Amino acid sequence: MRNDPNGRAALQMIRETIEDHCPPGVLPSEEAVNCIYGPTLQGEAEAISAAIVATVERLQLRTTMKPPAPNIKS
């Protein structure tokens, strides 16, 4: 996979969306990603994929632990 500017820009847009809308800490900083996965587009994509999975797991855990809604019937 080439490390081209268009691919980097696309992954940056996805990173910003995750940082804005997902729980804090699911996506490591770019510097940490470079150390953990490597400084390539593939490394950034792996980190983003892991962040998406972590977010989904947290959402599923939250919905399974949520108590049932009270009965509204009178």
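**Arg15, Glu19 and Glu44 in one network**

Q: Is Glu19 buried, exposed or partly exposed?
A: Glu19 is partly exposed, because its relative accessible area comes to 47%, and on this scale buried means under 20% relative accessible area, exposed means over 50%, and partly exposed is anything in between (1.4 Å probe, protein chains only).

Q: What kind of model is this, and how are residues numbered?
A: This is a predicted model, in which local features need pLDDT of at least 70 and side-chain atom pairs count only at pLDDT 80 or more, while totals for chains, interfaces and linings use all residues. Residues are numbered from 1 along each chain as its sequence is written, and side-chain values use heavy atoms, with hydrogens and water left out.

Q: Which residue does Glu19 form a salt bridge with?
A: Glu19 forms a salt bridge with Arg15, and the closest N and O atoms of the pair are 3.0 Å apart; the term requires a side-chain nitrogen of Lys or Arg within 4 Å of a carboxyl oxygen of Asp or Glu. Arg15 and Glu19 are separated by about one helical turn, because they are four residues apart in helix H1. In general, an α-helix has 3.6 residues a turn, so residues three or four places apart point the same way.

Q: How many salt bridges are there in the whole structure?
A: A search of the whole structure gives two. Besides the Arg15 and Glu19 pair, Glu44 forms a salt bridge with Arg15, with the closest N and O atoms 2.7 Å apart. That pair links distant parts of the chain, since Glu44 belongs to helix H3 and Arg15 to helix H1, 29 residues apart. Through shared partners, the salt bridges join Arg15, Glu19 and Glu44 into one network.

Q: Are Glu44 and Arg15 buried or exposed?
A: Both are buried: Arg15 counts as buried because its relative accessibility is 1%, and Glu44 because its relative accessible area is 5%.

Q: What else is Glu44 in contact with?
A: Leaving aside neighbours within four places in sequence, Glu44 is in contact with Arg8, Leu11, Arg15 and Val33, where contact means heavy atoms within 4.5 Å.

Q: How far does H3 reach?
A: Helix H3 covers residues 41–65, which is 25 residues, and spans 36 Å from its first C-alpha to its last, close to the 36 Å expected at 1.5 Å a residue; the expected span is 1.5 Å times one less than the number of residues.

Q: Which residues of H3 are buried, and what do they pack against?
A: The buried residues of H3 are Leu41, Gly43, Glu44, Ala47, Ile48, Ala51 and Thr55, and they pack against helix H1 (5–21) and helix H2 (30–36).

Q: What does Ala47 touch?
A: Not counting residues up to four places away in sequence, Ala47 touches Leu27, Val33 and Tyr37. The relative accessible area of Ala47 is 2%, and its C-alpha atom is separated by 9.3 Å from that of Arg15, 32 residues apart along the chain.

Q: And how much of the chain is buried?
A: Buried residues make up 20% of the 74 residues in the chain.

Key. Helices (H or I, at least four residues) and strands (E, at least two) are DSSP runs, numbered from the N terminus.
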